[in-house]
Amino acid sequence: MLSGSHSVRPARGGQGEAVARAVRNTSTRTPTRAGYPTSIPEHDHGCAAAAPRLLKFHAPEIVFGVDSLVEAAHAAMRHGALRPMLVTDPGLIEAGWSDEMTGHLEEQGVDVVVWSSVTPNPKDHEIADGFQTYAEHGCDVLVAVGGGSVIDAAKGVAILAANGGDILDYEGVDKAQVPIPPLVVVPSTSGTGADVSQFCIVTDTTRNTKITILGRALVPDITVIDPRLLTTMPDWLNAATGLDALTHGVEAFVSLGHNQLTDHHALRAVQMVTDNLVHTMERPAEMTARALMAQAALEAGLAFTNAILGAAHAMSHQVGGLLDLPHGVINGVLLPHVVRFNAEADPGPYATIATCLGVSDPRAPATEAALALADRIERLAGEVGVPRGLAALGVRHEDLPRLAKTALQDACMSTNPRTADEAQMLALFRAAM
């Protein structure tokens, strides 16, 4: 176990003050016919009750359902598209989704500009190139069809289209002051949450790290979720994005910025991923499980964009920036260790998750339940093929001091339920090796 003090501090990152709430113990969950809880207990982080606070919940217009892709074209037209720019990647082109989207747009009588020079973990120079394409062709509405990297790249292009400059200038909270062009997104993976979030993650290729751009203006105008698109994901991407959604749900539920509007979505997402991810790996074309994973990704995204995240993401951003690795795979390695670390200070919220998943007896001590949850996450990651440690991903022991230092500077640490200093963060990285 890692040692250190615990303190509760105000949430930052534009989420307002983290207000404590009374602990409400629960020994059972109330299942719905689908097996997911309808009543989520409020939880705190060791604080006494305080006055209620004003809550805001950011979300785009959402269209959800099989064969809904055409709705993205209708949405673009409602936002005045004359020359939309379709942002996608080579994999989506090969799978045929880019052509289908282009066809739907052209049926509306508009000229479509396709930009597909996006790689996983979008780079600063790629976003600059995308903006150049947008400007040279006089584009207006942005339509993103792809995973988190594609959607983040589209957000980056949108920031530059409205505000100019270099994308790295916008690191931090609400740095982009001018409203971005209309943004319609269609996620092709089940986990990143970029389609509903106020986050944009970009790789700084000079420093070999990821920067976080955060602002309510980055929430897309409309997200269209068609579970058909999930069936063409390769297994590694299915596993990675599913574990990303799981991490979003867990971190949002325990975040200092959580509230009763985010808790429900977070907990439902955790359960849906746990119940369905392996099934989608074994039967990739089965639409019922795909739709549930699409819903899990959506609800996890709604939770974390409003509650923000924690140490697992702060750490994962650094590893991903250094080695250009799949974000969700890194999360799958790190999350169990972060659960154990945070639970030393406050196991209660993790015990609630463990009880709802049925991995712990409701009468068990909270610490025992939290550790059972960490073990369950570790087993799930192993079942979908994620390595047990960072070393297997290529992280070297000599990288750890730098990773620990930069992780503490990540915006996601502001809402982690336990504070950490550089020595503790270094120990946490070492535990994950």
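Two strands pair if DSSP finds at least two bridges between them. Helices (H or I, at least four residues) and strands (E, at least two) are DSSP runs, numbered from the N terminus. This is a predicted model, in which local features need pLDDT of at least 70, side-chain atom pairs count only at pLDDT 80 or more, and totals for chains, interfaces and linings use all residues. Residues are numbered from 1 along each chain as its sequence is written, and side-chain values use heavy atoms, with hydrogens and water left out.

**View 1. The open sheet has 3 strands, in the order β5-β8-β7.** Its pairing is mixed. Strands of a sheet pair through backbone hydrogen bonds, either parallel or antiparallel. β5 (172-173) and β7 (199-204) are the edge strands; each has a single partner, so one side of each lacks a neighbour in the sheet. Between β5 and β8 (residues 209-214) the pairing is parallel, over 2 bridges. Here Val173 sits opposite Leu214 of β8.

**View 2. Helix α5 (residues 148-163) packs on this sheet.** α5 touches β7 and β8; touching, or contact, means heavy atoms within 4.5 Å. The direction of α5 makes about 90° with that of β7. Axes are lines fitted to C-alpha atoms, for helices over the stretch in contact, and angles run from 0 to 180 degrees between N-to-C directions.

**View 3. Helix α11 (residues 348-357) is largely enclosed by the rest of the structure, because 9 of its 10 residues are buried.** Buried means under 20% relative accessible area (1.4 Å probe, protein chains only). Among the buried residues are Tyr350, Ile353, Cys356 and Leu357. Their cover includes α6 (235-254), α7 (260-282), α10 (327-343) and α12 (366-383). Gly358 follows α11, with a positive phi near 75°.

**View 4. The largest nonpolar core holds 73 residues.** Such a core is a set of buried Ala, Val, Leu, Ile, Met, Phe, Trp, Tyr and Cys residues joined through side-chain atoms within 4.5 Å. Leu390 and Phe429 have the most contacts inside the core. Phe429 touches Met315, Val319, Leu390, Leu400, Leu403, Ala404 and Ala407, leaving aside residues up to four places away in sequence. Another core, of 29 residues, lies apart from this one; Ile127, Val150, Val157 and Leu160 are among its members.

**View 5. The whole chain has 14 helices and 9 strands.** Of its 433 residues, 59% count as buried. Among contacts with a separation of 6 or more, 78% join residues 24 or more positions apart.

Notes: Buried means under 20% relative accessible area, exposed over 50%, partly exposed in between (1.4 Å probe, protein chains only).
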